[in-house]
Amino acid sequence: MDLRDAAQELYAVMPRDFTASRSALVRQAKEGGDKELAKAISGLPKPAAGAWAVNMLAVHKPEVIDGVVRFGVSLRTAQEDSDAEAFRELGQQRQGQLASAVKAAKDLASELGAPLSAAAATDLEQTLRAAMADAGAGAAVGTGRLVRGLSGSGFESVDLTDAVAAAGPEDTNDAEDPTKQLVKPSGKEPSQGKEPTPPKESATRKKVPQEEATSLAERRAAKQRAALEEARNEFEVADKEARGAEEAASQAWAAIETLDARRTELKAEIEDAKKRLASLEAELIGLTRDTDAAESDKKLAVRTATQLRRTADQAQRRVDRLG
């Protein structure tokens with residue numbers, strides 16, 4: 001066992017089992033006589049909830065992660081090729097792809113017995129968004145050893161510092177990204193070698209048409225770049241609005257969860273109050289019954305006392321007459 005093997009095993013466990021599993025791996029390394037490995041394992045941090053959900057996708061549903069990464073490759077390729085139409089179309093599909101992946105992760109977390117909170121779901125979505133935007137982030141989410149969430153929604157580089165446990169160069173580098181083979185080629189054929197130089201007079205004869213073709217190609221390229229820039233601007237505005245709406249939705253979910261928790265507490269308190277009230281009502285009935293019985297005993301005692309007093313008074317009067 002090396003550090004990566006240990007991390008791969010550790011980051012596939014449930015959050016509640018993380019600490020115990022890490023301790024077990026540390027003991028295993030020590031028993032094997034590898035103190036350095038034991039120390040390294042003990043330093044592996046517990047993943048954030050959103051990162052744990054990404055790891056579970058990588059372990060149990062790798063096709064979801066693969067779909068996110070492939071979509072990101074296509075999106076970035078459209079930008080690199082200045083394909084405004086493809087970029088705009090993919091940009092419109094982007095939120096649907098994210099929503100589908102987030103739902104898969106939330107369903108999986110619930111199935112595993114660790115439902116995600118609203119904050120964790122937001123962190124999860126930001127991480128998958130970053131995986132679409134940046135090749136390194138795309139490689140990181142597929143490791144199954146993500147420690148923290150990632151952030152990045154445009155096409156800037158995502159900060160991957162300490163994001164992957166026991167990380168190696170291949171965990172955040174897509175230099176050999178196999179998904180790129182799925183992107184449709186631009187249609188340009190690779191060069192097969194330098195073309196022979198045509199005769200001078202032929203070159204002179206073709207000079208003007210070539211210049212015209214170059215000028216036309218430049219105009220087309222400029223037009224395509226302008227279209228791409230327009231599409232990129234539209235995307236950034238739409239993305240900003242979508243993120244604002246998603247944040248509002250996340251806050252609404254959090255408010256609902258808070259209210260729902262309070263409602264549950266109030267229901268429990270009401271049930272306790274009902275039980276207490278029933279107990280008090282039973283006690284009151286018993287006290288009423290005892291009071292009625294005591295009242296009857298009191299009346300009898302008063303009547304008896306009155307009779308006995310009357311008898312005593314009569315006896316006293318007899319004594320007085322005889323004396």
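Predicted model: local features only at pLDDT ≥ 70, side-chain atom pairs only at ≥ 80, totals over all residues.
How far apart should the ends of helix H7 lie at 1.5 Å a residue, and how far apart are its end C-alpha atoms? Helix H7, residues 118-133, has 16 residues and should span 22 Å, and its end C-alpha atoms are 23 Å apart, which agrees. The expected span here is 1.5 Å times one less than the number of residues in the helix.

Residues are numbered from 1 along each chain as its sequence is written, and side-chain values use heavy atoms, with hydrogens and water left out.

Let me begin with confidence, where pLDDT is the predictor's confidence in each residue, from 0 to 100. The chain averages a pLDDT of 80, and 71% of the residues score at least 70. Confidence is highest in H4, at a mean of 97, and lowest in H9, at 71. Please be careful with residues 175-209, where pLDDT stays under 50 and for which the model has eleven contacts beyond four places in sequence; contact means heavy atoms within 4.5 Å.

Now for the overall build. The chain has nine helices and zero strands, where helices (H or I, at least four residues) and strands (E, at least two) are DSSP runs, numbered from the N terminus. Of the 323 residues in the chain, 30% are buried, a word that means under 20% relative accessible area, with exposed over 50% and partly exposed in between (1.4 Å probe, protein chains only). Among the contacts with a separation of 6 or more, 67% are between residues 24 or more positions apart. The chain exposes about 21,000 Å², and carbon and sulfur atoms supply 53% of that area, which is computed by the Shrake-Rupley method with a 1.4 Å probe; for residues, only the protein chains shown count as cover.

Let us return to H7, which is mostly covered, with twelve of its 16 residues buried.

From its first C-alpha to its last, H4 reaches 16 Å, close to the 16 Å expected at 1.5 Å a residue.

In soluble globular proteins, nonpolar side chains tend to be buried together. A nonpolar core is a set of buried Ala, Val, Leu, Ile, Met, Phe, Trp, Tyr and Cys residues joined through side-chain atoms within 4.5 Å. The largest one in this model has 40 residues, and those with the most contacts inside it are Trp52, Ile65, Leu124, Val141, Leu146 and Leu150. Two or more residues of this core come from each of helix H4 (49-60), helix H5 (62-80), helix H6 (84-111), H7 and helix H8 (135-141), and H6 gives the most, with nine residues. If we leave aside its neighbours within four places in sequence, Leu146 is in contact with residues including Tyr11, Ala51, Thr127 and Val164. Apart from this core lies another, of 15 residues, among them Ala7, Phe18, Val147 and Ala165.

Next, the aromatic rings: rings of Phe, Tyr and Trp (its six-membered ring) pair if their centres lie within 6.5 Å, and planes under 30 degrees apart count as stacked, over 60 as edge-to-face and the rest as tilted. By this rule the count comes to one aromatic pair. The rings of Tyr11 and Phe18 have their centres 5.6 Å apart and their planes at 65°, so the pair is edge-to-face. Tyr11 counts as buried at 1% relative accessibility, and Phe18 counts as buried at 2%.

Finally, a few loop residues. The C-alpha atoms of Ala114 and Pro15 are separated by 8.1 Å, although the two residues are 99 residues apart along the chain. Beyond its neighbours within four places in sequence, Ala114 is in contact with Met14, Trp52 and Ala109. Ser82, in the loop between H5 and H6, has a phi near 55°, a positive value in a residue other than glycine, and Ser82 is buried, with a relative accessible area of 19%. Ala166 lies in the loop between H8 and helix H9 (200-322), and its phi, near 50°, is likewise a positive value in a residue other than glycine.
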